[in-house]
Structure formats: C-alpha cells, structure tokens
Amino acid sequence: MVARLVIAAPSSGAGKTTVATGLMAAFAGRGLAVSPHKVGPDYIDPGYHALATGRPGRNLDAYMCGTGLVAPLFEHGARGCDLAVVEGVMGLYDGAADQGELASTAQVSKLLKAPVVLVVDASSQSRSVAALVHGFASWDPEVRIGGVILNKVATDRHEHLLREALGESGVPVLGVLRRAPAVATPSRHLGLVPVAERQAAAVAAVAAQAEQVRAGCDLEALLSLARSAPELHCEPWEPHGSWAGVPRGGGGTPGRSPGEGGHDPTTGPQTVDEPGHRPLVAVAGGAAFTFSYAEHTELLRAAGAEVVTFDPLRDEALPEGTSGLVIGGGFPEMYGEQLSANEPLRKAVAALAATGAPIAAECAGLLYLARSLDGTPMCGVLDADARMSERLTLGYRDAVAVSDSVLAPAGARMRGHEFHRTVIEPGAGAAAAWGLRQPERRVEGFVQGGVHASYVHTHWAGSPEAAARFVEHCR
C-alpha cells in the first residue's frame, strides 16, 4: 500500500502547485521515495514535480482515460514508493464542463480513497475561513478532508485569528505559510514557464518551496494522514498488451468513448517485440516541445518500438534509422526563429513525411509541420499557416476520427484536450483528423499520407491501441 495525499484548493491560484511541489521535495529530502501525480491534463506542473522527486510526473485524468483507469495508473506510477502526492486541478469540486464531478479533484480523491489537504489562500479573510472550510468539508461526505494548509498568511496576529476560527471547524491546521517571493514561478500565456526553459532558476524555486514547506508545515502529521489511506485493491496498469486489460469503465475502444466499456483484445495489433523488428520512433523534446505523458513512451516501447528523443532546437538531423516521428505539445511560438533557423532538420522532417512515414503531431507539433508560424518558415509539410491569437482555446474534447490514419481508423472515438492561443488556417485539411462534438461541432486537423496532425492532445493510456497502431505502421 502506498501512503498518499491529494493537495486541493477552493479555487485556482490558492497555491496548490507551490505546496504540492514543496511537499514532494521536502519528503524526498528526508529520504522517502515520492511518487508525483497531477489531476487533469496539465503538462507543466508535472515537470516541477519530477524536479522535486527525481521521478516522472504523471497525470490522472478521468475524462481522457476513464474513471476505471485512475487507480491502476496511480498504482503503476507509485509502484515501489513510500508516499504519493497528488496535486489537484482548479477548485476541489471543479471538473469537465457539464459533466458533474467527472475529472474533478474530488472524484479522483474518491477513486484513490485518498485524504485531501485543502490549501486556502487566507490573504483576505480571518474568521470566514472556517465557513469556507466547513462548506468544502461537508459538501460531499465521500470526500475526506483531513487538514488545511493556510497560505499567504500576513502576520502572527493573522495566523492566530485563522487558527482560532478553524478550531471550531473540526478540520486540523497542518501548515501555515507566509508570503515568500522566492517560491514564485513565472507565468505566461499558457500558465507556468516549463522547467526545461528555466533550468537553474527552476531548481532554485523548488528548493525554496521545499524549505518553505519544511518550516511551515507539520510533516509528521501530513505523513500520518497519508498513511491512513486504505488499500486500493486494484492491479497496476501495464503498458504491455494494455488494450486487452483495461478495466470496465476505462479507456476507449474504436467507436467507443472512455467510460463506455473496456478494450476489446481483438482490436489493434498485438504487441510485437521480435529481435531485428524494432522500428525507431523519434520523439521531439527540448525546450520547445515539453508537453508529453510518460505513458506514451512506455506504450510505444511496449508495442515494439525503440524510442529516441531529439531536440529540434539543436539537432540538425533526425536520429539515424527513424521510422516514425512523434511531435507533441509545447511552445514553438517562443522559439519560432530558432526552429526556423534549423533548416537541415526542417528539411529532414519534410523528407520523412514525403515518404509516407508515420508522423503524429499534437498542437505544437501541428504548428511545426505548418508552412509558417507568425510568418516564420516551418517544415512546410502542411499547406497551412499558423499565428498567435488573443483568444484562448481551452477544454476537453470528445473526438471522432474523420479519416483513417496512423493513430485511428475512421469512426474511432477518443477523448482529448485543447489548450492554445494560436490559430491555423485552414483549420482542417482535405482529410480532417477529428470531428469534435463540443463545445461546437467542427472538424479539425490534418490526415495526409502518414501524417496525423491536430490541436487535440490525447492520452494514449486511455486509447492504447493508438500507440500499437502507430508502431505497426512504422513497422
């Protein structure tokens, strides 16, 4: 059994990331093996979690992967660890729009049978904090709020008033944190600046967060609370043959959305790992392409691929022997000039696409394959041009494959997420990638030869046959 805590808050901006990352680093500094997790689709926070713990940050997304996979994916990531810390998303009870509690931190806490620690921004309140905490603690009896960490507390007098008020609530105060500029992490148009772009500054920020938590939180009480979580009684998720082993209610088979049933073992190719038959899949990384889920690489390898990471900002050629290419999300708009200046790699990507080799591109990858980004030449694989926009496109997506592709047959349903401040014109090719059903009906993305390029981020643990299909096309 892995001891575990969920770090939640009444709303965004209360300090969940600072507290969760600080706790991870503080406990890791005591010699514990700490498993880091994040509720929802966010890619950036897990980078800080990985820096704090030395382990991959993993997402737990009940919308994209299905409720039945939350606990198995947790067990997979936390295997062999002493403690798991799960950072929530938005407010405790906020989830997918118009879907009730689906994908909320509260739902994940229940699926994990994990106690919740509520981080409260106390900067503009005193006695009212008790009413706030009481409301959150009593809203859903199945959600166990085991304690409160008060953040942005101004003075000793302020702390006294807050503790006095909460003494009547029955919810213990497990930490009090003052304002500390050193723990701040800079943000921009899509949230925090990723670790890969800050390096030494990110290391210093995580160290400061750990010190703040050590000084202001009762680590022994928090660890005791984490150890009070009961056993989960589920098998860890495994990437090998995972399309045949997803529990009822998890993942998405072709023609079926996550939550509508388990995977059919007859869909998708079987795992092949024969000597001499391991196609090489190149995965874009580096500062411009930091958005990826750890399970994607694990699924590609389980399906028989050799996976090699390359950096489009630095490498002038694809890895030798590349059979397929995966270009995930990130911030190409921050590195447009550098990406464009690497003309040898742009030509290599275009040449690979011309052979019909499988290429899966999401969001940043879509922009990189376009003809241009803000007027700067990109790879030119797609007859489309991208530019920055003032409008934020954000939300979960229920997608249906419009065209047969290297990821899915036409008609297959997958769930994903969009998060960008760019537009591409045209928004879809002659053969579109996805038909989206909310918030408005539209088609988007491009299927062209072996290329599947789209704004929609997907989590392949929810539809692992996509990884198997991709590797089979590489082969």
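Modeller: Helices (H or I, at least four residues) and strands (E, at least two) are DSSP runs, numbered from the N terminus. The model is predicted, so local features need pLDDT of at least 70 and side-chain atom pairs count only at pLDDT 80 or more, whereas totals for chains, interfaces and linings use all residues. Residues are numbered from 1 along each chain as its sequence is written, and side-chain values use heavy atoms, with hydrogens and water left out.

Biologist: How many helices and strands are in the chain?

Modeller: The chain has 15 helices and 22 strands.

Biologist: What makes the chain agree with a compact globule?

Modeller: The radius of gyration is taken over C-alpha atoms, and the globule rule is 2.2 Å times the number of residues to the power 0.38. For 475 residues the rule gives a value near 23 Å; the chain has 22 Å, and therefore the two agree. Along the principal axes, the C-alpha atoms fill a box of roughly 70 × 45 × 45 Å. Contact means heavy atoms within 4.5 Å; among contacts between residues at least 6 apart in sequence, 74% join residues at least 24 apart.

Biologist: What share of the 475 residues is buried?

Modeller: Buried means under 20% relative accessible area, exposed means over 50%, and partly exposed lies in between (1.4 Å probe, protein chains only). By that rule, 59% of the residues are buried.

Biologist: What makes β3 and β7 edge strands?

Modeller: Two strands pair if DSSP finds at least two bridges between them. Seven strands form an open sheet with parallel pairing, in the order β3-β2-β4-β1-β5-β6-β7. Within it, β3 (58-60) and β7 (173-178) each have a single partner strand, so one side of each is left without a neighbour in the sheet. Neighbouring strands are turned by 25° against each other on average, direction ignored. Such angles run from 0 to 180 degrees between N-to-C directions, and the axes are lines fitted to C-alpha atoms, for helices over the stretch in contact.

Biologist: Which unit do β5, α6 and β6 make?

Modeller: A crossover is right-handed if, with the strands pointing away from the viewer, the path from the first strand over the helix to the second runs clockwise. Strand β5, helix α6 (residues 128-139) and β6 make a right-handed β-α-β unit, and so do β6, helix α7 (residues 156-166) and β7.

Biologist: Which helix runs at about 170° to β4?

Modeller: Helix α1 (residues 16-29) has that angle, and it lies across β1 (3-8), β2, β4, β5 (116-121), β6 (145-153) and β7. Helix α10 (residues 219-227) lies across β1, β4, β5, β6 and β7, at about 110° to β1.

Biologist: Why is β6 described as largely enclosed?

Modeller: Eight of its nine residues are buried, so β6 is largely enclosed by the rest of the structure. Helix α2 (residues 44-53) has seven of ten residues buried and is therefore also largely enclosed; among the seven are Y48 and H49. In helix α4 (residues 70-78), nine of nine residues are buried, including F74 and E75.

Biologist: Why is K152 called partly exposed?

Modeller: K152 has 24% relative accessibility, so it counts as partly exposed. This residue lies in β6 and has a positive phi near 60° without being a glycine. D374, in the loop between β14 (372-373) and β15 (376-377), also has a positive phi, about 50°. Its relative accessible area is 42%, so D374 is partly exposed.

Biologist: Which peptide bond is cis, with omega near -5°?

Modeller: It is the bond from E425 to P426, and P426 lies in the loop between β17 (413-425) and β18 (434-436). Most residues other than glycine have a negative phi, and most peptide bonds are trans.
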